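Here are a few friendly notes on charged side chains for you to read alongside the model. Please keep the structure open as you go through the points.

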Amino acid sequence: LAGREFSIGILCDCDEAVEIKRQADARAEEISQVQAAWGMLADYYQAHRFAAWDHEGQPAMDRVWQRCKEYAAAYQRGQRGILLIGSNGTGKSYLVDAMCSSISRRHNCFVIGGEGPGLFRRLHDSELDFNAILAVPVLGLNDLASIWLNEWSVDKLAQLFEGRQGKTFLVSMDVNPEAWIAVQPSELLAVRVKRLVSRLRELCEWIVIPNAAVDYREVIADR
């Protein structure tokens, strides 16, 4: 072996760290593009804050408001989410948006949030990056029950629930998820939606809006 030179290639920890950062930056850019495409811009965060909630106009929602505010303040990555269930106009969507806004600002956390039907329409038209939605730490989905359910959308919901294990969902629905099962047009689709509902129970704490809560739009109209 005399006179010969040998070299061994060893992966440098610094090179690995650079690659990890490059991948993280690329994913962050994808998430930012989805946020922009779905209207998650600076004015969105300014418009949805717990401090702007009208306690006088919706007193029956005070306990729900408090629970959502405490959740956002104490949020930890991967925490089990919240599902708000109740009638139209009671402020469910606003509270989901306020949680998204608060978590983003308080915890410097990437969030994507908005109307569920709009998200699925854009996914169907390939306007949004599904991988970025899977990767974002917090996903807000309002009006989930209004998503038109067929084989494609049920498949996407199943992929979303399974692909985002260890990440947070913040959801609102205007019907009880159990009733969501009953209105499906076929027995096969009802069975698949039942599985989704079971998964949703694992992913989220269910909060039912008090019956005393009123349609806030009517309160505004009467003022």
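1. The side chains of arginine 199 and glutamate 202 form a salt bridge, with N and O 2.7 Å apart. The term salt bridge means that a side-chain nitrogen of Lys or Arg lies within 4 Å of a carboxyl oxygen of Asp or Glu. Arginine 199 and glutamate 202 sit 3 residues apart in helix α9, so about one helical turn separates them. Helices here are DSSP runs (H or I, at least four residues), numbered from the N terminus.

2. A word on the source: this is a predicted model, in which local features need pLDDT of at least 70 and side-chain atom pairs count only at pLDDT 80 or more, while totals for chains, interfaces and linings use all residues. Residues are numbered from 1 along each chain as its sequence is written, and side-chain values use heavy atoms, leaving out hydrogens and water.

3. Which residue does glutamate 162 form a salt bridge with? The partner is arginine 199, with the closest N and O atoms 2.9 Å apart. This pair links distant parts of the chain, 37 residues apart: glutamate 162 is in helix α7 (residues 151-163) and arginine 199 in helix α9 (residues 187-203). Arginine 199 is buried at 13% relative accessibility, while glutamate 162 is partly exposed at 43%. (Buried is under 20% relative accessible area, exposed over 50%, partly exposed in between, using a 1.4 Å probe and protein chains only.)

4. Glutamate 178 and arginine 201 also form a salt bridge, their closest N and O atoms being 3.3 Å apart. Glutamate 178 belongs to helix α8 (residues 177-182) and arginine 201 to helix α9, so the pair ties together parts 23 residues apart in sequence.

5. Finally, salt bridges link Glu151, Asp155 and Arg192 in a network. The count of salt bridges comes to 6.

Definitions and conventions:
Helices (H or I, at least four residues) and strands (E, at least two) are DSSP runs, numbered from the N terminus.
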